[in-house]
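Visitor: Please take me through one part of this model closely. I would like the strand pairings, with a few residues placed around them.

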Amino acid sequence: MSEKRKGVGVFVITLLVVCALSLLAPVSGAADASVAERPAVMVTAYSVEPAVLMPGDTGTVTLTLKNPFIDFSASEMETNVAPGGATESTTTTTTSRGMSAEIETIRLSAKTQDTRWLAESTDRTQYLNIGTLGPGESMSVSLPVTVLSYAPDGIYFPEVYIEVDNGDNVRFPIKVEIDRSELKLLEEDIPSMISLGESRTVKIMVANNRPNMVNGVNVLVRSSTADLDFTPQGVYVGNLNAYEQRTVSFMLTPHSAGMQDLTFEATYKNGNNVHRSTMASSVTAQISADVKLILVAAPDFVYQGDIARIEFDVANGKAKDIKAVSVMPTTTSGLKLLPSEYFIGDMEVGDVFTASFDLHTSDLDLGEFTIPFELRYKDVETDKVYSGEGYAVTLELRETPTSTVPTTLLAGAAVLVLIGIGLVLWMRARRRRAQELQAK
């Protein structure tokens, strides 16, 4: 009897275990189903603008969020073989419906004090009650980020935290790069010396030393003296790609002698952050050889009705070629001067050309008068017109002599008469001497 009782006890215990397992199975399945039905959110993409921040910059982190679970249906066919060879097929269809994700909070937090999320006295910014993200839907969220002015260069990984009210929360690291490299201004061609009043081209190189593009680049003249004339005062460059270089040119004209300071400034944007770079240089303006107007021939006086020839040499003493060179009187009132302008044209360094004028005096009044002449030329590079040192010619217009015998002939005749008188006296003295000798 005891063995029978033991067998019954074992049977009862086994039966209870099987029943318990059969009861637990549906509960476990329900738990798995509830877990499977929990919505999820994932970060599918992100960007940082500007791509590389500078210390003190403010930027934007843009996140793309997606609810990956969508509605779907699946069918499964099962075939059973009955005794005797008969088959029986059963089709089972499973339907799963995605759920909307209710995003409660999105916040960013930095593990260091070098990057902060644009909030005073805190290292995080959060967005509350973002809303519902339906099955398969995506959304973009932009979060501001700021970098402290003393932050060292490097790569940082602040973290985005997404709290889903009816699902699993998400933590995702964001790469933020800091680089303090600046845009540089470099001398490409700045003359150390320049002639006073001369125009020379000044070339400045703008170099973007950053690993990302900068925009809105302007190069401006910030000279500290009014004795320098720049054309233009600023040059707009626009965008410069990473490590790109560009050359800008200015025309410089000094107005006083001595060393003059030059200062240039570049303004540019890294994202929406304005930055500046400066460059200082100098140039010495000196009084040197210029284009000269040299008087070669002009009479002191001229008789009324005669033509007076006035002749100049024009010499290019500059260290550069010039063009459109001409000589002209600054006033022709009452004068008949031909030509009215003597045009020479292009002159190379060291060239000397002649310019001559004929003054017709028939209609002029007697007396002394002055004719001022002016020298003009153009700069080859700028087409700017310059005036060289002029020259004033003074003439006396005299009345024509009444005698028709030229003065030189009268003087010659007088000399001949004197010679003749001398010969006569000499011959008389010689004859008298001969007579005295015979008398002895």
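Guide: A hairpin of five residues joins S11 to S12. Strands here are DSSP runs (E, at least two residues), numbered from the N terminus. The model is predicted: local features need pLDDT of at least 70, side-chain atom pairs count only at pLDDT 80 or more, and totals for chains, interfaces and linings use all residues. Residues are numbered from 1 along each chain as its sequence is written, and side-chain values use heavy atoms, with hydrogens and water left out.

S11 and strand S12 (residues 170–173) run antiparallel, joined by four bridges. Two strands count as paired if DSSP finds at least two bridges between them. Tyr161 stands opposite Arg171 in S12. S11 also has strand S6 (residues 101–109) as a partner. Six bridges join S6 to S11, and this pairing is antiparallel too. There, Ile103 stands opposite Val164 in S11. Strand S11 (residues 159–164) is mostly covered, with five of its six residues buried. Buried means under 20% relative accessible area, exposed means over 50%, and partly exposed lies in between (1.4 Å probe, protein chains only).

In general, strands of a sheet pair through backbone hydrogen bonds, either parallel or antiparallel.

Next, an open sheet. Four strands form it, in the order S14-S16-S20-S18, and the pairing is antiparallel. Strand S14 (183–189) and strand S18 (228–231) stand at the edges; each has a single partner strand, so one side of each is left without a neighbour in the sheet. Neighbouring strands of this sheet are turned by 35 degrees against each other on average, direction ignored. Such angles are taken between axes, which are lines fitted to C-alpha atoms (for helices over the stretch in contact); they run from 0 to 180 degrees between N-to-C directions. Six bridges join S14 to S16. Leu186 stands opposite Met205 in S16.

Pro211 sits between strand S16 (200–208) and strand S17 (214–221). Pro211 counts as partly exposed because its relative accessibility is 29%. Leaving out residues up to four places away in sequence, Pro211 touches Val52, Asp179, Ala242 and Tyr243. Contact means heavy atoms within 4.5 Å. Val52 is 159 residues from Pro211 in sequence, yet the C-alpha to C-alpha distance is 7.2 Å.

Ser277 belongs to strand S22 (residues 273–286). Ser277 counts as buried because its relative accessibility is 7%. Its side chain reaches the backbone oxygen of Leu183 at 2.5 Å. A polar contact is a pair of N or O atoms within 3.5 Å; within protein, one must be able to donate a hydrogen and the other to accept it, and residues adjacent in sequence count only if both atoms are side-chain atoms. Beyond its neighbours within four places in sequence, Ser277 is in contact with residues including Glu182, Leu183, Leu185 and Phe264.

One more open sheet. Five strands form it, in the order S24-S31-S30-S26-S28, with mixed pairing. Its edge strands are strand S24 (301–303) and strand S28 (342–347), each pairing on one side only. Neighbouring strands of this sheet are turned by 25 degrees against each other on average, direction ignored. Within it, strand S26 (residues 322–329) and strand S30 (residues 367–379) run antiparallel, joined by six bridges. The bridge partner of Val327 in S30 is Leu375.
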